[in-house]
Amino acid sequence: MKTEQQPAPAPGSPTFNSVKEVEGNLKARMDKAISDLQHEMASIRTGRASLGLLDHIRVDYYGTPPR
């Protein structure tokens, strides 16, 4: 009888030992994706102005560089 060998993982891909590790990794990645989407959606312009439009504006005043 022949035994099947598992394919080698792709270089740079994480190796998991349990379903809990996979679930934890996926949850963290999905939470980051949602956070990034919320950040991008906040800057979308619609018919009304919002304070989020000014988040990326930095002003130099009295020679003090913006933070």
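Colleague: Where is the place of Asp-60?

Modeller: Asp-60 is found in the segment after H1, where helices (H or I, at least four residues) and strands (E, at least two) are DSSP runs, numbered from the N terminus. This is a predicted model, in which local features need pLDDT of at least 70 and side-chain atom pairs count only at pLDDT 80 or more, while totals for chains, interfaces and linings use all residues. Residues are numbered from 1 along each chain as its sequence is written, and side-chain values use heavy atoms, with hydrogens and water left out.

Colleague: Does one call Asp-60 buried or exposed, and which residues does Asp-60 touch?

Modeller: Buried means under 20% relative accessible area, exposed over 50%, and partly exposed in between (1.4 Å probe, protein chains only). Asp-60 counts as exposed because its relative accessibility is 52%. Contact means heavy atoms within 4.5 Å, and, not counting residues up to four places away in sequence, Asp-60 touches Pro-65 and Pro-66.

Colleague: What lies 3.3 Å from a polar atom of the side chain of Arg-58?

Modeller: A polar contact is a pair of N or O atoms within 3.5 Å; within protein, one must be able to donate a hydrogen and the other to accept it, and residues adjacent in sequence count only if both atoms are side-chain atoms. Here the backbone oxygen of Asp-55 lies at 3.3 Å from a polar atom of the Arg-58 side chain. Arg-58 is also placed in the segment after H1, and it is exposed, with a relative accessible area of 53%.

Colleague: How many salt bridges does a search of the whole structure find?

Modeller: Side chains of opposite charge can pair when their charged atoms come close. A salt bridge is a side-chain nitrogen of Lys or Arg within 4 Å of a carboxyl oxygen of Asp or Glu, and the search finds two. In one, the side chains of Asp-31 and Lys-27 meet at 3.4 Å, N to O; both residues lie in helix H1 (residues 19-42), four residues apart, about one turn of the helix. Asp-31 is partly exposed, at 41% relative accessibility.

Colleague: Which side chains meet in a salt bridge at 3.0 Å, N to O?

Modeller: Those of Asp-36 and Lys-32 do, and this pair too lies in helix H1, four residues apart, about one turn of the helix. Asp-36 is partly exposed, with a relative accessible area of 38%, whereas Lys-32 counts as exposed at 51%.

Colleague: How many helices and strands does the protein chain have, and what percentage of its residues is buried?

Modeller: The protein chain has one helix and zero strands, and buried residues make up 1% of its 67 residues.
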